[in-house]
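The sequence and the model are shown first, and the description follows.

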Amino acid sequence: VDSVESRLELARKFGATAVCMENADVLPDDSIDAVIEVCGVSCVVEQGIRLLRPGGVYMLAGLVHPDSKLDLTGYQIINKCLTIKGNPIREFFDTDSIILQEFTTTRRNTSQIGRA
């Protein structure tokens, strides 16, 4: 789910088959095998959990800031037998990955982290 068509196209390159613009309410509950969060906005997690099928996988990759508190219960995880993983997006790919290059707009070294 995204509001930007170019990002949905990237999702298709990853093999996503269920993508839609902005409104996840058009997708039925329990209809998605995997969710990869890369937006860094914690309020989308509840929506992703709702969409996941039992046994689904939720990958958190964008919530790398200290204010990323989640409103999530153990019941939501256990009831659907979910696997939740956290992994920074950079660890999905090697640094020469064409898809990773499409995700990144500017490369900076660690001394420039404040500008990133």
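Asp-30 is partly exposed, with a relative accessible area of 38%. The model is a predicted one. Asp-30 is found in the loop between α1 and β1, and although this residue is not a glycine, its phi is positive, at about 60°.

The side chain of Asp-30 takes part in a salt bridge with Lys-80, in which the closest N and O atoms are 2.7 Å apart. This pair links distant parts of the chain, 50 residues apart: Asp-30 belongs to the loop between α1 and β1, and Lys-80 to the loop between α3 (74–79) and β3 (83–86). Lys-80, at 12% relative accessibility, is buried, whereas Asp-30, at 38%, is partly exposed.

## Other salt bridges

The count of salt bridges comes to 5. One of them joins Asp-29 to Arg-50, with 2.4 Å between the closest N and O atoms. Here too the pair links distant parts of the chain, since Asp-29 lies in the loop between α1 and β1 and Arg-50 in helix α2, 21 residues apart. Asp-29 is partly exposed, with a relative accessible area of 44%, and Arg-50 is also partly exposed, at 24%.

Another salt bridge lies within a helix. The side chains of Glu-9 and Arg-12 meet at 3.3 Å, N to O. Both residues belong to helix α1 (residues 5–13) and are 3 residues apart, about one turn of the helix. Glu-9 has a relative accessible area of 39% and is partly exposed; Arg-12 is partly exposed as well, at 34%. Together with Glu-5, these two residues are linked in a network of salt bridges.

In soluble globular proteins, nonpolar side chains tend to be buried together. In this model, the largest nonpolar core has 11 residues in all, including Leu-27, Ile-32, Val-35, Val-45, Tyr-58 and Leu-82. At least two residues of this core come from each of three elements: β1 (32–37), α2 (44–51) and β2 (52–60).

Val-35 is one of the core residues. Leaving aside residues up to four places away in sequence, Val-35 touches Gly-48, Leu-52, Val-57, Tyr-58 and Met-59.

Cys-81 is found in the loop between α3 and β3. Its phi is near 55°, a positive value in a residue other than glycine. Cys-81 counts as exposed, at 56% relative accessibility.

Gly-62 lies in the loop between β2 and α3 and, at 15% relative accessibility, counts as buried. Which residues does Gly-62 touch, not counting those up to four places away in sequence? They are Glu-37, Val-38 and Gly-40. Gly-62 and Cys-39 are 23 residues apart in sequence, and their C-alpha atoms are 5.3 Å apart in space.

Technical notes:
Residues are numbered from 1 along each chain as its sequence is written. This is a predicted model: local features need pLDDT of at least 70, side-chain atom pairs count only at pLDDT 80 or more; totals for chains, interfaces and linings use all residues. Side-chain values use heavy atoms; hydrogens and water are left out. A nonpolar core is a set of buried Ala, Val, Leu, Ile, Met, Phe, Trp, Tyr and Cys residues joined through side-chain atoms within 4.5 Å. Buried means under 20% relative accessible area, exposed over 50%, partly exposed in between (1.4 Å probe, protein chains only). Helices (H or I, at least four residues) and strands (E, at least two) are DSSP runs, numbered from the N terminus. Contact means heavy atoms within 4.5 Å. A salt bridge is a side-chain nitrogen of Lys or Arg within 4 Å of a carboxyl oxygen of Asp or Glu.
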